[in-house]
Amino acid sequence: MIRVFLAESRKLRRPTLVLSTILAVVGLEALFTSLLYLLINSRDGNSRRGETISASTLSLPNGLVAAFSSTATLLGVVALCIFAAQTAQEYSLGTLRNLLVRQPSRMKILGGKYLSMAFFALIMDLLALIVSASISFGLAGHAHVITKLWTSHTGLHILAQSFGNVFLATLGYGTLGMILGLLLRSPISSVALGSIWVILIESLLTLVVKGIDRWLPGQLIGTVGGGGMPGLSYQRGLLVGGIYLLVAGAVVAYLFKRRDVSN
Amino acid sequence: MDFPAISVSDLTKNYGNRSAVSHATFEVPMGTVCGFVGPNGSGKTTTIRMILSLISPSSGTGTVLGHSINHPEKYLPAVGAMIEGPAFYPALSGRENLNVLATLGGFPISRVQGLLEQVGLGERGGSKFKTYSLGMKQRLGIAAALLPNPKLLILDEPTNGLDPSGIQEVRELIIALAKSGTTVFVSSHLLSELEMIAEYIVMLRLGKVIFAGKTAALLSRQAGILVARPEYSVDLGKIAEIAKIHGHEVTIENGEARIISGSEWSAQLNRLAFEAGITLASLTAVSPTLEETFFEMTGDSQ
């Protein structure tokens, strides 16, 4: 599996993918973190759905990760696209047959591929945290936010915890993307379906059907990223979201192992 | 090693009611070049995919390099394959594509540059795969197949898209590999090329093996042709009559009588023509080519 991991890493290191991911992550974190601080006195709010996070709230130990945590779902969507495209392209390009001739154990292919993409997601989340934290420190003075508690013992603990949660959520969305890639075997279809489902359809369903977010995979994974949300606990997100991914993952892994490679 | 490089027995692949490969049984001896021929859709690629464990057979058994096809991990490290054209990552360079496969297979990366040079891509190895011509893509596919320094090389249409000099290079490469002991199982539509290099032939038609054995044995099964050109073309009719009286089919074209017969009848024909007062300007025995035999056996139209 180590050889699969290293081979897959070579593909993930390609400049176009690395640069576009850096651009997406830096852009995302720069936008969300800047808006949080620059619009702190705005009557329209500085957070999602018009909510306002005040300077005093941002001065608490968890203030440093407020912006970073709020981007968990979007970082997850980036991961979903990467995991889905990297998996499905093996079918659409016909390269899966090359991989299976060189490594006939399909579970090792799947496992190594997943691990390498998980590592890519880890680097991506680290970059996001660094960008968001840097901007937070940079704009804190402008927004009259006191940063003393951010670097306290509690602040650093929250920082680590939030990073872990965002990484778990990123992995969750990425797993969803990989499942779609294996099922649909087309990068465009799996990326489109996955991102439209998470960004659009689940949001609409949540607005229309009360309480349905307790059962939607994207909402559940997003809850893990945010460390829990009003009406949807972190534990439920972790448990139910985890069960969804485990069951779906097992089904597609079985299909991947059994399915003929005809293209 | 007294086992064949490839041995399949009753290998069958069904898709619903349709049989892509039906009870295929053949052997490819170790250290030979074996041509794998058949019309489009005859089941060649499906058979190759079953041998490489990409497709599971509906029934039947097989061994590759002495190991069951149910345990591909035991033989695939010694097998190189290019199936249904070269498939690589377009955004990676040719070299990086080979690096990916070398890393995956546990082969030294240092082999990559040598292989690129061997297939004539030494200077273009750094270019992205998507910028390659069809011939260059094909060459990269062959280089990838050679990565494991294979004991068995399986090539599916390796000369697709290559120019005449490229085709010649592939032919020379296959001959050189065979000389070094590599078994080469090659599917191609260029039957004249195969005739030059393949010692063995496996021929498929509609998913069934219709011949498996030595190329020479295959060609000897087909009747030869005697081409007789009389000094005066007015005698063509008389020659045709003589041939028909002695039970041979004959056609007249381009001032020649083409008589279906082995070369052993040429002396008698010469004598009979002389007795009939005909002088033959030339009399040539022509052996059937693999292409003619293929069309004859598969019923494929030319």
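1. The largest cavity has a volume of about 140 Å³. A cavity is a set of points on a 1 Å grid over the protein atoms alone where a 1.4 Å probe fits but cannot get out; lining residues have an atom within 4 Å of a point. Volume is the space filled by probe spheres set on the points, which are joined across faces, edges and corners. Of its 15 lining residues, Asn98(A), Ala81(B), Leu101(B), Gly141(B) and Ala144(B) are the closest to the centre.

2. A caution on the source: this is a predicted model, where local features need pLDDT of at least 70, side-chain atom pairs count only at pLDDT 80 or more, and totals for chains, interfaces and linings use all residues. Residues are numbered from 1 along each chain as its sequence is written, chains are lettered from A in the order in which they are written, and side-chain values use heavy atoms, without hydrogens and water.

3. Back to the largest cavity. Helix α6(A) gives the largest share of the lining, 4 residues. Helices here are DSSP runs (H or I, at least four residues), and strands are E runs of at least two, numbered from the N terminus. β6 (79-82) and α5 (134-146) of chain B each supply at least two residues.

4. The structure holds 5 cavities of 30 Å³ or more. Helix α6(B) provides the largest share, 4 residues.

5. On chain A, Ile243(A) sits in helix α11. Ile243(A) counts as partly exposed because its relative accessibility is 48% (buried is under 20%, exposed over 50%, partly exposed in between; 1.4 Å probe, protein chains only).

Technical notes. 1 Å grid on protein atoms, 1.4 Å probe; cavity = no way out; pocket = protein on both sides within 12 Å on 5 of 7 lines; lining within 4 Å.
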